[in-house]
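Here is a set of questions and answers on one chain. Look at the sequence and the fold before reading on.

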Amino acid sequence: MYIAICDDDNVLVNNLKREIYSYCNNYKIESVIDTYNSGETLLSSKINYDIIILDYQMGKLNGLDTAKRLRKGANASSCIIFLTNFPEIAISAYEVDTYRFVVKSTLPNGIFNALDDYRTAI
């Protein structure tokens, strides 16, 4: 499983990456996790990801605009999970076929629940 984490908080990214690797090891899921600190760097990747975990609020290019561009390229069918401190953004993100919204205060359990659902759906 190819997973991208895109968030401008490096501490959160590193912790989340470690937690997801642990999750994948527990379920014997072969995984590769790439990290990005901006929407621009994620968009420059040529990798087709199974799951993209995307912060909603980032620097110049926010998560919603990043997702809109992802949907027009190689990651058109990737599972997008938004991370946010602002759950009210959920409605605007439906236009990019968002799989889940995880409030950062619920990490890592919120991501684990989304991954559980993703695993049973594929």
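Helices, at least four residues long, and strands, at least two, are DSSP runs numbered from the N terminus. The model is predicted.

Q: How many residues apart are D116 and R119 in helix α5, and what separation along the helix does that give?
A: The two side chains form a salt bridge, with the closest N and O atoms 3.4 Å apart. D116 is partly exposed, because its relative accessible area is 23%. R119 is partly exposed as well, at 28%. D116 and R119 are three residues apart in α5, so they are separated by about one helical turn.

Q: How many residues apart in sequence are the parts that the D7 and K104 pair ties together?
A: D7 lies in the loop between β1 and α1. K104 lies in the loop between β5 (100-103) and α5. The pair therefore ties together parts that are 97 residues apart in sequence.

Q: Is D55 buried or exposed?
A: D55 sits in strand β3, and its pair with K104 ties together parts 49 residues apart in sequence. The cut-off for buried is under 20% relative accessible area. D55 has 3%, so it counts as buried.

Q: Which element supplies the largest share of the largest nonpolar core?
A: This core has 21 residues, and those with the most contacts inside it include L16, I20 and I111. β1 (2-6), α1 (10-26), β3, β4 (79-84) and α5 (109-121) each supply at least two residues. The largest share, six residues, comes from α1.

Q: Which residues does S38 contact, leaving aside its neighbours within four places in sequence?
A: S38 lies in the loop between β2 and α2 (39-43). At 16% relative accessibility, S38 counts as buried. Beyond those neighbours, its contacts are C6 and M58.

Q: Which residues form a nonpolar patch on the surface?
A: One member is V32, placed in strand β2, residues 32-36. V32 is partly exposed, because its relative accessible area is 35%. The patch has about 240 Å² of accessible area together, and its members are Y2, V32 and I47.

Q: What is the radius of gyration of the protein chain?
A: The chain has five helices and five strands, in the pattern β-α-β-α-β-α-β-α-β-α. Its C-alpha atoms fill a box of roughly 35 × 30 × 25 Å along the principal axes. A compact globule of 122 residues would have a radius near 14 Å, and the chain agrees with 13 Å.

Conventions:
Residues numbered from 1 in each chain as written. Predicted model: local features only at pLDDT ≥ 70, side-chain atom pairs only at ≥ 80, totals over all residues. Heavy atoms only, no water. Patch = residues over 30% accessible without salt bridge, like charges linked within 9 Å, V, L, I, M, F, W, Y side chains within 5 Å. Areas by Shrake-Rupley, 256 points an atom, 1.4 Å probe, with all protein chains shown as cover. Salt bridge = Lys/Arg side-chain N within 4 Å of Asp/Glu carboxyl O. Buried < 20%, exposed > 50% of the residue type's maximum accessible area, 1.4 Å probe, protein only. Contact = heavy atoms within 4.5 Å. Rg over C-alpha atoms; globule rule 2.2 N^0.38 Å. Core = buried A, V, L, I, M, F, W, Y, C linked by side-chain atoms within 4.5 Å.
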